[in-house]
Amino acid sequence: MRTLEVLAPETLEEALALKAHHGTALLPLAGGTDVIPGIRRGAYGAVALLDLSRIPDLNRIVDDGTEIRIGALATHADVVESAIVGAHIPVLSEACGTVGSVQIRSRGTIGGNLCHASPASDSVPALRVLGSVCEIRSSKGTREIPVGDFCISPGVTRVLPADLLVGIRVPKMRPGSRWFYLKLGQRRAMAIAKVSVAFLAAEDGGVLSDVRISLGAVAPTVCGAPRTAACLEGKKLGETVISEAVEMIQTEAKPIADIRSTEEYRREMVGVLLGRGLRGFLE
Amino acid sequence: MSVVGQRVPRVDAREKVTGEARFVDDLAFPGMLYAAVVRSTEPRARILSMDLESVLSLPGVVAVAGPDDIPGGNNIPLILPGHPLLAPGETNFCGQALGLVGAETREAADLAAGLVRVEYEPRTPLLDPLDARLPGAPGLYGEDNTFGHHVVRRGDVERGFREAFLVVENTYHTPAQEHAYLEPQGAIAVPTPDLGIVVYGSMQCPFYVQRAIAHILGLPLGKVRIVQTTTGGAFGGKEDAPSEVGGQAAVLAWKTRRPVKLVYHREEDMHSMSKRHPAHIRYKTGVKEDGTLVAVEVQMTYDGGAFGTLSPVVLWRATVHAAGAYRCPNVRVDAWAVATNKEPSGAFRGFGAPQVLFAAESQMDEVAAKLGMDPLALRKHNILRTGDETATGQKLRSSVGSLQTIREASRASDYRTKRARWGKDRGPVRKGIGVSTINYGAGLGGLSPYLTRAGAFVQVHADGSALYAVGTTEMGQGMHTVLAQIVAEELGLRLDQVTATETDTSRVPDSGPTVASRATIMSGNALRDACARVRKNLWGVGASILGVPLHDVLGEGGVLYAGQKQDKSVAVEDVARECISRRVHLAAQGWFRAPKTSWDPKRGQGDAYMVYAWATNIAEVEVDLETGVVRLVRLTAAHDVGRAINPVGVEGQIEGGSLQGVGYALTEEVLRKDGRIINPDFSTYIIPTPSDAPEITPVIVESRFSKGPHGAKGFAEQPLMGVAPAVANAVYHATGLRIRELPLTPERLKKEMERSKR
C-alpha cells in the first residue's frame, strides 16, 4: 500500500510549530478536494500532510462588527448556509454556491480554494471585490495580505513555507450595494468557470461609486478590470454607459485559449456577463 | 400474462443500491498479484529498447512481461489481423500497451511501470483520417490504411438527382465519444492446477475473451473459462476491450502461476480504450417538389484508430442505416473505415449509426426548410411503412411502428403548437423545437450470420424455484430482470422464484456477444426453448396431480391450475417435490437461431436485419444568442420496442440513452494535442450531470415482433441515436443557425453566428 504521513495537530500553535520545522515538506490539508487528486497525480512530490481538521474554531464564521471573519477551514457549504454571510456579504454566498457539486461544496474550504490559487476559482473573485484580507500566521506572528495580492500564479501564493492561512476578513457590504457574480461553465453543475465576473459598487440615485470588478478564468490569476471600473465610476447607469463598459472590458481582459474555451469566446463573454449583470440593476 | 409486461423493479436493484454487488475490483484471491501496464507516450514510433528488467529489483515487484513472454499469439483475435497484445517493436498510438509489471501491491506495480525506460525513434504520425487513403500517407494497415469499405447500390442516383426538384449537399463532422462507464476496465486471471485458466472480469462478451485468451496463451478453448463479474456499465466499451485487459492479466498469471488482478485507472482507461468513431460525412439528398425523397448519396470516412478491432462491422451498420428511416428508390453509399495513430475506435451504443444519422436527419430538416414544409410532415411523407423496401432492398413485413412513433411523440410534446409559436422570438433567449426519426436494426444482422445464435439453461429445484443461465451478460441494461420475467412467465412462477447465475462460458455454449440490442431476443428465445422442455415435465406431473390433460394446465404466480376456471390448483412447489420423488428431469438446455438475414457486399443489398426498432425524438431547446449556450429543456422520445417486457426498464433505457445522446449533442468531445488525448478525466471530458438533464418523456410504442419473445425486439441502443440531430434541428428552429459539427458547444455556435453575419 502507498503510505502517506499525516500529522494532525490539536492546536493552531502546534500546527505552526510543525510548519516552522518542516516548511514545504508539510502540505496543509483542508477539504482535500484539490490536494488529494494532486497527490494521486504526483503534483506535490514527496510530502507529508498537515491535517488541520482537528484544530478548533478554524472553520468559524464570525460577525466582528464592520467585518465578517471566515475561518480558513469554513467549507463552501458553510459559507452558503451562513446567515451572517447571506446578510452582509451575499456576493460571496452567490459565488460559493456555484462551486462544483454538493459533495465538493461540503468538503472544499474557502482557505483551500484561495491557496490552490486557481484563476478559475469561484470564491476568489467575490472575495477580491469585497476587499477581503487574508490572515496569515506563522510561529513568528500574524501577517495580512489583501486577497487581490495573495495569488501570484496558478497554484502559487504569498504563503511562505512556515505560514498557514488561518482566515479571511471580509468588510461588510454597505446597505444598498449593487453586486453580482456571474459565471459561465461547460455545464450546469460540476463546472469550472470558462469566464466569471464579480461586481460590487455603491449606488446612490442610480450613480455608481467605489466600483470593483474581478474576473475569473481570463488570466493566470483572478484579476481586476480597473479601467472598466474607472469608466463606470461616478456614472449613472444607462444603456450607453453599459455598452461602453462592455466594450472596454472586452479590450481590457486578456484571456487565453485552453482546454475549456477559446480566447475569442472568453473575450466576448466577459462583456456579455458584465452587460447582463449591469442591465440587471436597471430592472 | 402475469409477469411479462408488468412494471417490476430490477432483480439486481437491492444489491446495487446497498453496495453488496461485487465488482471485479472487490474480488481477491490468495496469493494475488497486481498488474500495471507500461504504455507508449508516442503516437507512432519505433521502439528501440524497453528496459523491463531494470524494475525487477524494486520493492514488491515480482515479474515483468514483454511481447516475448506471450506464450501463444501476440495478437488479439477479432476480425482483422495485426492487433498485438503488447507492441512488438513499434507503437501506433499514445497509450498503447508495451509491457506488463506484476507486483505484490497495486502501488508498487504502478510505480515500477512508470519507471520502465523506453527508447523511441518517433515517426511521423497519421492523425487526420482524411489523409489516410491519400498517396504518400504513412502506411499503418494493409495497402491503403483501410479497415473496411462498404457500399449500398440501389437504383440510379444520377437519374434520381436529375429528377429532383431540390438537391441539398453538406458535410458533417462528429467527434470521438468516450463511453464513460462508471466502472473502469478490469480483470483477474487465475491459473488452475490442471494448467488451465479462469478469468473474471467486467465485460460484455465472455466468449470473445475466451477465444482471445486461448489464442494468447496457446491453450485449447476447453482450458479457458471466463466468468463475468458484476459489470458497472459498458455501452460497447466492454465488447472487445476486455479481451485485451484479460489477456494482459492472463500473460502475467501464466508466467507467475499466481492470480493477477489488473484494473485500469480512469485516465489510463480513457487514453487507451476504444471510443466512438469520429466521422466525416458528405451527404447529398434529392427530393421532389412535394418532398418525396428521390436520391440519397453518402460518402463517409470513419476514423478507426490504430487497429481494426470492430471497425468493419461498425462501418457496416453505419452503411445500412445511412439513408435513414425513409423510402428512397435511389441510394448510393460509399463508406470507409481507415487507420490513424490514435487509440482504436470501436463499439459504442448505436455502433456507427449515430454519426451518419446526425447527418441524415439534419439533411431532412434542411430539405424541409428549403421546401417550406413542416419537418415532421416531411418525415411522415417519406417514412418506411409495412410493405416498403429499405435502402438495402429489404421488404418490411411486420413490426413497423415508424409512423406511430412520429404521431405519439408529436402528441406527447404538443409539437404543432410549439412549432408554430416558437422560432419567432426577438430576445436573447430563443426557443425552438426539433425532430428526428430513426430506425435501428436489431441484432447482429447479415454480415455476421454465424454469430446469431444463443444458448440457455434452466433448472427447477425441489421447492419449485428456478435457476437459469445464459451466455449474454447483464451490464446494467436490465437484461436479467427481463429474462427472469420470461422464465417466470413460461414456468408459471413468481418473479421471486427465479434466479440467474453469473454468465460463465462453462454454463452454456457460445451465445455470441451481448451487443446490438440482442440479449432480450436471443437469450429470451433460448430461455423459452429451455423452459418449454422443463415445462413439459413439470406441468406434466402437475397435470396428473390435477387430473387433467397437460394442455389444460395453466400456470401463474407459482400455482398450476386445471383450466381457465381455476377451481382446482396445486402449488408449483408441491409439483416440483412430486417430480423429485418420481425422478423426473427438471433441467434443460435451450437454443435459438435468429431468423435468416442476407447480404450481398458488392451491391450492398439484402435483408440486413431480422427486424427494426423505430424512434422519434422531439427536442425543445432554449438558445442564448449572447452566450451561445444551448439548453435542452425537454425531450420526448417515442420508441417502438415491439413489446415492453418490463416497461420500467424500457423507460430507464430511454432516459439513460437519451442523456448519453445529450452529451454527444452538446458537450462531449475528445480533445487531442499531437495525437495525445488532453482531456482524459471527467473534469475536462464533459458528460451531462443531473442538472443538465432535460425533462425526458419516454413514450413506449409496441408494434409486436412475431419472432421475438412475447413480441419484444431489441432497442436499447436506439435512445442515444436520434438525440443529436433533434437538438441540432431544434437549434435551427430557434435561431436559423445550422451546425453541422458535434458537439454543439457555445464556442461553435458563436463562431457560426459570426460566419453567418458576414
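## Helix α12 of chain A

Helix α12(A) has 20 residues and reaches 30 Å from its first C-alpha to its last, close to the 28 Å expected at 1.5 Å a residue; that expected span is 1.5 Å times one less than the number of residues in the helix. Helices (H or I, at least four residues) and strands (E, at least two) are DSSP runs, numbered from the N terminus. This is a predicted model, in which local features need pLDDT of at least 70 and side-chain atom pairs count only at pLDDT 80 or more, while totals for chains, interfaces and linings use all residues. Residues are numbered from 1 along each chain as its sequence is written, and chains are lettered from A and ligands numbered from 1 in the order in which they are written.

The buried residues of α12(A) are A:Y265, A:R266, A:E268, A:M269, A:V270, A:G271, A:V272, A:L273, A:L274, A:G275 and A:L278. A residue is buried if 20 or more other C-beta atoms lie within 10 Å of its own, exposed if 12 or fewer, and partly exposed in between, with C-beta atoms placed from the backbone. The cover over these residues of α12(A) includes, from chain A, β11 (178-185), β12 (193-204), β13 (207-216) and α11 (239-252), together with α18 (746-757) of chain B.

## Where chain A meets chain B

In the pairing of the two chains, 16 residues of chain A are in contact with 18 residues of chain B, where contact requires that the C-beta atoms of two residues, placed from the backbone, lie within 7 Å.

## Chain A as a whole

Chain A has 12 helices and 14 strands. Its radius of gyration is 19 Å, close to the 19 Å that the globule rule gives for 283 residues, so chain A is as compact as a globular protein of that length; the radius is taken over C-alpha atoms, and the rule is 2.2 Å times the number of residues to the power 0.38. Along the principal axes, the C-alpha atoms of chain A fill a box of roughly 60 × 45 × 30 Å. Buried residues make up 48% of the 283 residues in chain A, and of the contacts in chain A with a separation of 6 or more, 61% are between residues 24 or more positions apart.

Chain A is divided into domain 1 (6-51), domain 2 (61-171) and domain 3 (190-282), with bounds that come from an automatic or database domain assignment. The centres of domain 1 and domain 3 of chain A, taken over C-alpha atoms, are separated by 36 Å.

## Domains of chain B

The domain assignment of chain B gives domain 1 (18-123 + 185-263), domain 2 (279-446 + 599-757) and domain 3 (453-593). Although the C-alpha centres of domain 1 and domain 3 of chain B lie 38 Å apart, 18 residues of domain 1 of chain B are in contact with 16 residues of domain 3 of chain B. On the side of domain 1 that touches domain 3, α4 (206-217) and β11 (224-228) of chain B each supply at least two residues, and the residues of that side divide into eight nonpolar, seven polar and three charged.

## Nonpolar cores

A nonpolar core is a set of buried Ala, Val, Leu, Ile, Met, Phe, Trp, Tyr and Cys residues joined through C-beta atoms within 7 Å. The largest has 250 residues, and those with the most contacts inside it are B:V101, B:A249, B:Y468, B:V487, B:V727 and B:V731. Helix α13 (residues 519-546) of chain B contributes the largest share of this core, 12 residues. Not counting residues up to four places away in sequence, B:V731 touches B:G432, B:V621, B:V623, B:V630, B:L737, B:I739 and B:L744. A second, separate core of 85 residues includes A:A15, A:L182, A:I192 and A:V222.

## Individual residues

A:S118 is found in the loop between α7 (110-116) and α8 (123-129) of chain A and is buried, with 20 other C-beta atoms within 10 Å. The C-alpha atoms of A:S118 and A:S153 are separated by 8.0 Å, although these residues are 35 residues apart along the chain.

Two residues other than glycine have a positive phi: A:D210, near 50 degrees, and B:L195, near 60 degrees. A cis peptide bond, with omega of about -10 degrees, joins B:L742 and B:P743, and B:P743 is placed in the loop between α17 (723-735) and α18 of chain B.

Key: Ala, Val, Leu, Ile, Met, Phe, Trp, Tyr, Cys and Pro count as nonpolar, Asp, Glu, Lys and Arg as charged, and the others, Gly among them, as polar.
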